[in-house]
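Student: I have a model open and want to go through it. Can we start with the inside?

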Amino acid sequence: MRKFNLFKLILLTPVFIFTMVSCDRFLAHPYYGAHQKDHNYNPRNVETILKNCKEKDTVRFAVISDSHVKYDFLVDAVEDINKRNFDFVIHCGDGSDFGLLRELMRTHNIMNDLKMPYLMVLGNHDCLGTGKETYKEIYATSDLCFDLKNARIITVNTNCVEYHEQNNIPDIMFIDGLIESPVEKPVFVAMHGAPWTDSFCSEKEVYYAKKLRSLGDNVICMYGHIHEHPMVDDYYGDGVNYYHVPKTAYKEYISFTITNEGVEYEAIEF
């Protein structure tokens, strides 16, 4: 029988206490403690959007981005959006700063105060640590496509720097499938980083930009990441306008209104 070593016990006790009080740093699973209803959120909200907008000739949606760290501004943005007549909201990513469960869930809980469904795009900060796994558990996927009466809405994961070990980000097969089924109505593409930004692999930039251009005759891209005020730019001179979505700390977001006559854009301060 081993003798009880009081000296070792004294040495190990502080480590044990630190582990217990810091349990959020040692989660057995990145999604530990989250509620079952928060699974598969993006696909379920697509179904809700389609149901709500099925017969609408006019659809209006808001786009926000980069709410990490400044959660109070996200609360203010949600309150302002709820005062306006929007059908849904797209968040262009970076709801967290370090990909932590508590950060992603805080953003998710704030966004759940919206009176309309929302979609969450994966941002580069959301990929840090176990963020990729947590995002997948909550939202399922960032690669989505659905058709409204007057528009096609697409969201994509463009964080190829954070997925450097894989060659399928962005998922070109997903994009090619959409190119093979073109639509004449406007095509909106929401992403976190535009092809020329530092979250995108430079060797894929031109190739991917050409793919985006091939999605339709009227392609409108929305992106965040660079933390600037709203701006619009035909970056490649190919007819595709890239709309930058400001970080929520600037107390701004953008919106689009889709009608049979076309598309209206607005930069909104709150």
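Student: What volume does the largest cavity have?

Tutor: The largest cavity has a volume of about 30 Å³. A cavity is a set of points on a 1 Å grid over the protein atoms alone where a 1.4 Å probe fits but cannot get out, and the volume is the space filled by probe spheres set on the points, which are joined across faces, edges and corners. This is a predicted model, where local features need pLDDT of at least 70, side-chain atom pairs count only at pLDDT 80 or more, and totals for chains, interfaces and linings use all residues. Residues are numbered from 1 along each chain as its sequence is written, and side-chain values use heavy atoms, without hydrogens and water.

Student: Which residues line the largest cavity?

Tutor: Its lining (residues with an atom within 4 Å of a point) includes Lys 56, Asp 57, Leu 148 and Lys 149.

Student: Switching to the sheet: what is the strand order?

Tutor: Five strands form an open, mixed sheet in the order S3-S2-S1-S10-S11. Strands are DSSP runs of E, at least two residues, and helices are runs of H or I, at least four, numbered from the N terminus. Two strands pair if DSSP finds at least two bridges between them.

Student: And which strands are at the edges?

Tutor: S3 (118-120) and S11 (262-269), each pairing on one side only.

Student: How do S2 and S3 run?

Tutor: S2 (residues 88-91) and S3 run parallel, joined by three bridges. Ile 90 has Leu 119 of S3 as its bridge partner.

Student: Which strands does H4 touch?

Tutor: H4 packs on the sheet against S1, S2 and S3, where contact means heavy atoms within 4.5 Å.

Key: On a 1 Å grid over the protein atoms alone, a cavity is a set of points where a 1.4 Å probe fits but cannot get out, and a pocket is an open set with protein on both sides within 12 Å along at least five of seven lines; lining residues have an atom within 4 Å of a point. Axes are lines fitted to C-alpha atoms, for helices over the stretch in contact, and angles run from 0 to 180 degrees between N-to-C directions.
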